[in-house]
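Open the model in your viewer and keep the selection tool at hand. The stops below say what to select next and what is there.

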Amino acid sequence: MASPMSASGFLKALRAEGLTVVEVGDWRNHNRNHKGPWGPVHGVMIHHTVTKGSARTVEICRDGYADLPGPLCHGVITKDGRVHLVGYGRANHAGLGDDDVLRAVIAEKALPSDNEKNTDGNRHFYGFECENLGDGQDPWPAAQLEAIERAAAAVCRHHGWTERSVIGHLEWQPGKVDPRGFTMTAMRTRIRDRLK
Ligand SMILES: [Zn+2]
């Protein structure tokens, strides 16, 4: 159980972890807080965007779609390894997921399989969208994977969480496949090693 970092604290934590951060527009005040609560926060969720082109990807994640308004995450991690901050606060990234998974994240235990959509994830997770087509073919450059590792570690370090507080969207909500192209188990191992 933790209160969300301030926007400035989030920016500072990412930079302290060695990331190149790009601030997009009025990201500190772009959120969905009028639609529901933000916090307490319990973890970090990783996604892929199913988009091509960094500029377009960042734009979509900031603005969203007609039936899914932005921001669609807090940070967009492009293929060059930069983190673009598009929003802060409640964001439309996690949707409804499994309360058993949330309990496991809070306890930092092994994850059960996600088979229910009964819990508001946008309230409880920081979200990073990663530029990738999500087709299993589009490559994940080393710089991008390292940025995912660093971004997740930055949040965990601030809150005193372990790598078990970092999950993929596919581990949260039935039917989701993201991120595709690397495993969350491998990514958690990298985060664990970074946090040592
Ligand atoms: Zn997702």
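This is a predicted model: local features need pLDDT of at least 70, side-chain atom pairs count only at pLDDT 80 or more; totals for chains, interfaces and linings use all residues.

Start with the sheet: six strands form an open sheet in the order 1-6-5-9-2-10, with mixed pairing. Strand 1 (21–23) and strand 10 (166–168) stand at the edges with a single partner strand each, so one side of each has no neighbour in the sheet. From one strand to the next, the twist averages 25°. Strands here are DSSP runs of E with at least two residues, helices are DSSP runs of H or I with at least four, and both are numbered from the N terminus. Two strands pair if DSSP finds at least two bridges between them.

Residues are numbered from 1 along each chain as its sequence is written.

**Strand 9**

Select residues 125–130, which make up strand 9. Is this strand mostly covered or uncovered? Strand 9 is mostly covered, with six of its six residues buried. Buried means that 20 or more other C-beta atoms lie within 10 Å of a residue's own; exposed means 12 or fewer, partly exposed is in between, and C-beta atoms are placed from the backbone. Show the side chains: F125, G127 and E129 point one way, and Y126, F128 and C130 point the other way. In a regular strand the side chains alternate between the two faces of the sheet.

V76 has E129 as its bridge partner in strand 9.

**Strand 2**

Select residues 43–48, which are strand 2; six bridges join strand 2 to strand 9, and the two run parallel. Look for M45 opposite G127 and for H48 opposite C130. Six of the six residues of strand 2 are buried, so strand 2 is largely enclosed by the rest of the structure. G43, M45 and H47 point one way from strand 2, while V44, I46 and H48 point the other way.

Next, show strand 10, which pairs with strand 2 in the parallel sense over three bridges. Here M45 stands opposite I167.

Center on A151. Its contacts include L14, L19, G75, I77, V83 and F128. Two residues are in contact if their C-beta atoms, placed from the backbone, lie within 7 Å.

Move to E17, in the loop between helix 1 (7–16) and strand 1. Why does E17 count as buried? E17 counts as buried because it has 21 C-beta neighbours inside 10 Å. E17 and R150 are 133 residues apart in sequence, yet 6.0 Å apart in space, C-alpha to C-alpha. Leaving out residues up to four places away in sequence, E17 touches R150, A153 and A154.

Select helix 3 (residues 99–107) and color V101, L102 and V105, which are buried. Seen down the axis of helix 3, the buried residues fall within an arc of 100°, so they line one face of the helix. The arc is that of the directions from the helix axis to the C-beta atoms. What covers these buried residues includes strand 2, strand 7 (96–97), strand 8 (119–120) and strand 10. E108 follows helix 3 and has a positive phi, near 55°.

S165 and E108 are 57 residues apart in sequence and 6.1 Å apart in space, C-alpha to C-alpha. With 23 C-beta neighbours inside 10 Å, S165 counts as buried. Residues that S165 touches include H42, G43, V44, V105, E108 and C156.

**Last stop: H34**

Select H34, in the loop between strand 1 and strand 2. H34 counts as exposed, with 7 C-beta neighbours inside 10 Å.

Methods
Axes are lines fitted to C-alpha atoms, for helices over the stretch in contact, and angles run from 0 to 180 degrees between N-to-C directions.
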